[in-house]
Amino acid sequence: MHPLVRCTWPVKPLDVAYHDREWGVPVHEDRTLFEFITLEGAQAGLSWSTVLAKRPHYRDAFRQWDVEAIAAFTPVQVDGLMQNAGLVRHRQKLESTVGNARAFIQVQDAFGTFDAYLWRFVDGTPLNRRLVESRQMPTQTAHSDAISKDLKARGFRFVGTTICYAYMQAVGLVNDHLVSCFRHDEIAGRPTAESA
């Protein structure tokens with residue numbers, strides 16, 4: 001039995017578990033889509049490992065990602081979040097989560113689901129890249145530029161194009177696993193030696 005070959009970035013146990021189970025897997029559930037747009041915004045300027053470690057605290061603080069409940073948060077509740085050591089205590093990021101929840105609901109009202117809105121940017125089909133080396137991985141693309149521009153126009157914050165590209169990777173709009181990684185073909189829908 002040969003050891004699994006992974007992308008080069010997962011090092012810590014939480015990174016490895018996230019890489020192996022979630023990263024690049026297409027997400028169509030609105031609650032999870034909101035979770036990741038929040039976590040990617042929180043990650044700006046920090047390591048993804050830091051955010052993964054704080055993920056359970058975010059889930060608890062933001063009502064299991066109940067967007068309606070988050071949209072109703074008051075400034076006093078945001079003050080309380082600033083005292084929560086389990087979160088990234090950055091007021092603008094925390095306030096943006098509340099504002100983004102309100103904008104998210106408006107998108108749901110306009111498109112039926114956030115899922116329907118988001119997946120239009122890739123015509124409903126994940127972009128399947130064939131990267132050989134990590135250095136080939138972009139930090140932004142025309143797709144992330146378009147998503148960022150549209151989200152900002154709809155009132156979202158902390159949704160720059162680099163954040164949006166990381167979001168695309170997280171929720172599976174793009175498969176950026178290296179071709180040598182065991183997850184690349186699994187996510188692309190082709191059998192691998194391990195799963196054949």
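Contact here means heavy atoms within 4.5 Å. That cut-off decides what counts as cover in this predicted model.

Start with confidence. The mean pLDDT of the protein is 94. Of its residues, 95% reach 70 or more. Residues 191-196 are another matter: pLDDT stays under 50 there. For that stretch the model has six contacts beyond four places in sequence.

Now turn to helix H9, residues 161-170. Nine of its 10 residues are buried, so the helix is largely enclosed by the rest of the structure. Buried means under 20% relative accessible area. The buried set runs from Thr161 through Ile163, Cys164, Tyr165, Ala166, Tyr167, Met168 and Gln169 to Ala170.

What covers these residues? The cover includes helices H1 (13-21), H2 (30-43), H7 (114-119) and H8 (142-153). Strands S1 (127-128) and S2 (174-175) also take part. After H9 comes Gly172, with a positive phi near 80°.

Which helix gives the most to the lining of the largest pocket? H9 does, with five residues. H1, H2, helix H3 (48-61) and H9 each supply at least two.

Conventions: Residues are numbered from 1 along each chain as its sequence is written. This is a predicted model: local features need pLDDT of at least 70, side-chain atom pairs count only at pLDDT 80 or more; totals for chains, interfaces and linings use all residues. Side-chain values use heavy atoms; hydrogens and water are left out. Buried means under 20% relative accessible area, exposed over 50%, partly exposed in between (1.4 Å probe, protein chains only). Helices (H or I, at least four residues) and strands (E, at least two) are DSSP runs, numbered from the N terminus. pLDDT is the predictor's confidence in each residue, from 0 to 100.
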